[in-house]
Each structure stands twice: as C-alpha cells, then as structure tokens.
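Subject: Structure handover

Hello,

Here is the structure for your work, with the sequence alongside. My notes follow below.

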Amino acid sequence: MKKTISKASSFFGKPIIPGDKSISHRALILGALASGKSEIIDLLESEDVQSTASCLSKLGVVFKTEGKRTIIQGIGDSGLKSPQGVLDCGNSGTTMRVMMGVLAGSSLTATLVGDASLMKRPMKRVAHPLRLMGASLSLTSDDYAPLTIMGRKIHGIEYELKIASAQIKSAIMLAAISGEGRTILRGEIGSRDHTERLLPHFGCEVNVTPQKIEIEGGQKLTGNVLKVPGDPSTAAFWIGAASMIQGAEIEMENISLNPTRIGFIYALQKMGADIETEVTTLSPEPIGKIRVRFKKLTGVVITKDEVPGLIDEIPLIAVLATQCEGVTEVRGAEELRVKESDRIEAVALNLRSMGAKIEVFHDGFRIQGPQKLIGADIKSFHDHRIAMVFSIAGLVAEGETTIHDAECVAVSYPKFYDTLKELTNHEIGERS
Ligand code: S3P
C-alpha cells in the first residue's frame with residue numbers, strides 16, 4: 001500500500017499516544033512468567049507486541065482482553081509448555097532476543113523464526129552471554145535465526161556489555177532469574193531500563209547502580225497490575241513535526257518520560273525547540289505531559305554517549321537537520337545499520353531522493369541545513385520507522401511524497417496515518 005503526503009499548512013491537536021512498545025513486550029513476558037494474575041492496562045496493540053503474545057500463547061500462557069485491560073494468567077511454578085511448531089517473532093527483534101533469555105533456563109526446546117528482516121539481524125550478541133551462563137543454542141551461521149534453544153539449568157555470570165542494547169541486557173537478566181547464583185552486568189548498561197524497573201514491580205529484587213546491575217538467580221515473579229504509558233518514540237514523530245511546521249502546537253498526556261528514552265527531547269531542546277515536559281507519576285515508570293510549539297531550530301552534534309537514549313529517533317533527527325540552521329552531526333550510531341533496515345542507508349537514500357545532501361559515515365551522518373525537500377518516492381524498506389519518518393518529511397516538502405509499503409507502520413503504530421490526518425487536517429492519499 002502507498003500513502004501520499006503533501007505539505008502541511010498547520011499542525012495542531014492533542015493526540016492520544018498508544019502504549020509504549022518496549023514496556024508492552026516486557027509487561028506481557030513478566031506477567032506470563034509470574035505466579036497469579038496480572039492486569040496490563042493500555043497494552044500497545046501492534047504487530048510487534050502481537051508477536052510476543054503469540055509466542056507466549058504457543059508456550060501455554062493464557063491471555064484475555066477486556067477493553068483496555070489485558071489479563072494474563074501467569075504460569076508461575078508450573079513452567080512454560082513445549083510449543084507445537086516454531087515460535088514466529090515476525091519483525092520484532094525485542095521478541096526474539098528477550099525470548100532467547102526467557103527460554104535459555106527453561107526445560108523445553110524451541111525454535112525461533114522471524115520475517116526476512118529479522119532473519120538477517122545479529123543474534124550471537126545474545127547467544128554469547130547466554131552460552132557463558134551454560135545455555136545451549138544453535139544459530140544459523142552462528143549468528144542468525146532460525147535458532148533453536150535447548151533449555152537447561154543455567155547459572156549466573158559476571159559480564160561486561162560491549163553494546164548498549166536493552167534487548168541483550170534484558171535477555172541476560174531474564175535468564176539470570178531462572179538460573180542459579182548471582183549475575184553482575186557492567187559496561188554499556190545505560191540503555192533503556194524498563195526491565196530493571198519492571199522486575200521489582202513483579203516482585204523480583206534487582207540492584208542497579210551507574211556502574212553495575214546485580215541480580216540473584218532463583219527469584220520468583222508475582223503477578224501485578226501495570227498501566228503502560230504512551231510511547232515516547234511514537235510521540236517523537238509529532239514532536240518532530242510540530243518543531244518544523246510554522247505555527248504548530250501540540251499537547252500529549254500520559255507519555256513515558258523515562259530519562260533513558262527521551263534523549264530525542266533533550267536533543268531538540270539543545271537545538272532550541274520549544275518543548276515543555278511535566279512528570280505526573282514517578283513509579284515504576286516516570287509518566288507525564290509534553291507540550292510543543294513551533295520554533296526555529298539550529299543544528300546539533302550527537303555523540304556516542306547520547307545515542308542509546310535516542311537510537312530509534314535518529315532517522316527523525318536527520319529530517320529535522322534539513323530544516324534547521326547549521327550543521328547536525330550524529331556519530332557512534334553504527335547500531336542503526338542492524339535495525340529493521342540499515343537505517344543510515346535508508347535515511348541517506350530517501351533524503352537524497354528528496355533533493356537533500358547528506359554525508360554518510362559508517363556510524364552516522366552530517367547534514368548542513370537548511371535545505372529544501374522536494375516530494376519524492378520513498379522506499380520504506382518495510383521498516384516502520386523509515387515509513388513514518390519520511391511521512392513527516394513529506395509535511396515540509398514541496399509537492400507530493402509517496403511512501404511505498406506504508407502498511408509496515410502497523411509494526412508499532414497502526415493508527416499513524418489516522419492521527420497524521422487529524423493533526424494536519426488534511427486527507428492522506430492511499431493507493432494499492
Ligand atoms: C528495544 C531496544 C532497542 C530499540 C528497539 C526496542 C527494547 O534496541 O532500538 O526498538 O525494547 O529493548 P537495542 O536493544 O538493540 O538497542
């Protein structure tokens with residue numbers, strides 16, 4: 001399906017932001033492993049979260065949806081059941097990597113597969129620490145899915161994370177609670193910290209300092225109620241658009257303001273954006289309001305340390321960079337090359353199609369602004385964030401922008417185009 005976007009003359013409203021994707025995956029998994037019932041409110045309804053739910057269903061977990069509430073009957077001491085057939089993780093890296101950790105210390109064997117994109121994404125980064133814990137996994141070419149996990153008794157490790165990835169960190173932490181002894185993680189532990197926050201919410205002790213994460217094996221989880229806040233990576237599209245369209249103003253409530261997730265807001269504030277945030281709830285996740293008004297931006301330099309806090313928003317920063325005064329440079333972001341697509345290449349190719357100049361590095365890019373964007377045919381590479389980022393670019397481009405394979409937005413934000421239409425008060429064209 002193709003969507004056509006034209007230049008927006010206004011951008012205004014109070015969009016309701018769907019549940020956070022990272023928290024939704026974890027809420028389902030922790031509720032599934034706990035003893036007793038859990039109730040998850042405002043779980044994200046999207047293809048990625050559905051992949052986690054369907055893997056857990058195949059492992060014997062029972063879910064029931066009642067309006068905004070998802071009730072999970074946790075498996076507790078009875079354990080996960082052997083699945084019939086493979087576990088399909090779809091497009092979701094979080095599902096595959098975190099489930100590797102869940103299954104490593106179980107008593108069953110399971111094979112994980114995914115779509116064409118996921119089968120090309122590196123998995124050894126998770127398999128390696130799990131193997132050090134005593135897990136048994138076989139991977140295609142020792143790095144890719146299909147991969148098979150032969151669950152067995154595992155033990156704690158001391159491990160230095162070399163990649164700032166919450167998926168790797170979470171897989172190790174979930175394996176650690178099913179094993180024996182203590183696990184200590186050091187190194188690149190500063191990625192999104194939802195697992196560290198949610199494990200205690202489900203009754204599990206985790207000791208977190210800026211230097212290390214410590215977690216004892218053999219801990220049990222207990223069911224709980226959790227309200228999932230709006231996803232800041234979803235809100236980011238509207239924050240970005242409002243910062244580029246003259247006269248724009250938007251307000252959003254009930255958004256995760258977790259500091260490990262809002263590097264995009266911090267970066268935009270450095271660029272001079274008019275963004276106000278107010279935290280209204282603190283625990284287990286900081287939640288609050290965001291208000292954004294249009295203001296002219298200037299370029300920004302983003303370094304390796306800042307990358308984990310805005311990893312999913314870097315393609316959007318590239319589009320913003322074309323509209324602001326001065327140079328924007330992002331470095332230390334080589335992880336973008338192994339996301340749902342090679343997002344550095346996808347950004348460069350599509351910005352160039354729109355007439356912009358961008359200098360590409362192996363780990364980032366440099367853009368001199370301001371530059372005019374011209375409507376073009378956009379290749380989404382079936383990557384939800386690329387489709388959405390270039391839909392936002394279309395709002396400031398001259399002429400019409402056509403997003404190819406736009407249905408991929410359903411991975412994280414099925415109602416993206418409905419909300420875009422409301423905020424711009426414009427029809428969005430659709431062709432098959
Ligand atoms: C996620 C972690 C990030 C992020 C992804 C979701 C998570 O990936 O890009 O969209 O839920 O843990 P990495 O952990 O690979 O950085």
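The largest nonpolar core has 78 residues, and Phe11, Trp238, Ile239, Leu351, Phe390, Ile392 and Phe416 have the most contacts inside it. A nonpolar core here is a set of buried Ala, Val, Leu, Ile, Met, Phe, Trp, Tyr and Cys residues joined through side-chain atoms within 4.5 Å. Buried means under 20% relative accessible area, exposed means over 50%, and partly exposed is in between, with a 1.4 Å probe and protein chains only. A second, separate core has 67 residues, including Leu28, Leu56, Ala176 and Ile215. As background, nonpolar side chains tend to be buried together in soluble globular proteins.

Before the rest, the conventions. This is a predicted model, in which local features need pLDDT of at least 70 and side-chain atom pairs count only at pLDDT 80 or more, while totals for chains, interfaces and linings use all residues. Residues are numbered from 1 along each chain as its sequence is written, and side-chain values use heavy atoms, with hydrogens and water left out.

Contacts

Leaving aside residues up to four places away in sequence, Phe416 touches Phe237, Trp238, Met388, Ser391, Ile392 and Val409; contact means heavy atoms within 4.5 Å. Leu174 sits in helix α5 (residues 166-178). Helices (H or I, at least four residues) and strands (E, at least two) are DSSP runs, numbered from the N terminus. Leu174 is buried, at a relative accessible area of 5%. With the same exclusion of residues up to four places away in sequence, Leu174 touches Ile29, Leu30, Val98, Gly101, Val102 and Leu199. From C-alpha to C-alpha, Leu174 and Ile245 are 43 Å apart in space, and they are 71 residues apart in sequence.

Pocket and cavity

Rolling a probe the size of a water molecule over the atoms shows where empty space is left. The search runs on a 1 Å grid over the protein atoms alone: a cavity is a set of points where a 1.4 Å probe fits but cannot get out, and a pocket is an open set with protein on both sides within 12 Å along at least five of seven lines. Lining residues have an atom within 4 Å of a point. Grid points are joined across faces, edges and corners, and a volume is the space filled by probe spheres set on the points.

The largest pocket has a volume of about 900 Å³. Its lining holds 34 residues, of which Pro18, Gly19, Leu43, Glu45 and Lys68 lie nearest the centre of the pocket. The elements that give two or more residues to this lining are α2 (47-58), β4 (62-66), β5 (69-73), β15 and α12 (416-424). Strand β15 provides the largest share, four residues. By class, the pocket lining has 15 nonpolar, nine polar and 10 charged residues. For these classes, Ala, Val, Leu, Ile, Met, Phe, Trp, Tyr, Cys and Pro count as nonpolar, Asp, Glu, Lys and Arg as charged, and the others, Gly among them, as polar.

How many cavities of 30 Å³ or more are there? The count is one. About 40 Å³ of space lies in the largest cavity. Its lining consists of Pro232, Ala236, Ile239, Arg261, Ile262, Phe264, Ile265 and Glu313. Helices α7 (232-242) and α8 (263-270) each supply at least two of the lining residues, and α7 gives the most, with three. The cavity lining has six nonpolar, no polar and two charged residues.

Backbone

Asn254, in strand β15 (residues 249-256), is not a glycine but has a positive phi of about 60 degrees. Asn254 is partly exposed, at 28% relative accessibility. His382, in the loop between β22 and α11 (384-394), has a positive phi near 55 degrees and is likewise not a glycine. His382 is partly exposed, with a relative accessible area of 48%.

Cysteines

A search of the whole structure finds zero disulfides, where a disulfide is a pair of cysteine sulfur atoms within 2.5 Å. The closest cysteine sulfur to that of Cys89 is in Cys55, 4.1 Å away and so too far for a bond. Cys89 is buried, at 0% relative accessible area. For Cys408, the closest cysteine sulfur is in Cys89, 19 Å away, which is too far for a bond. Cys408 counts as buried, at 9% relative accessibility.

Regards
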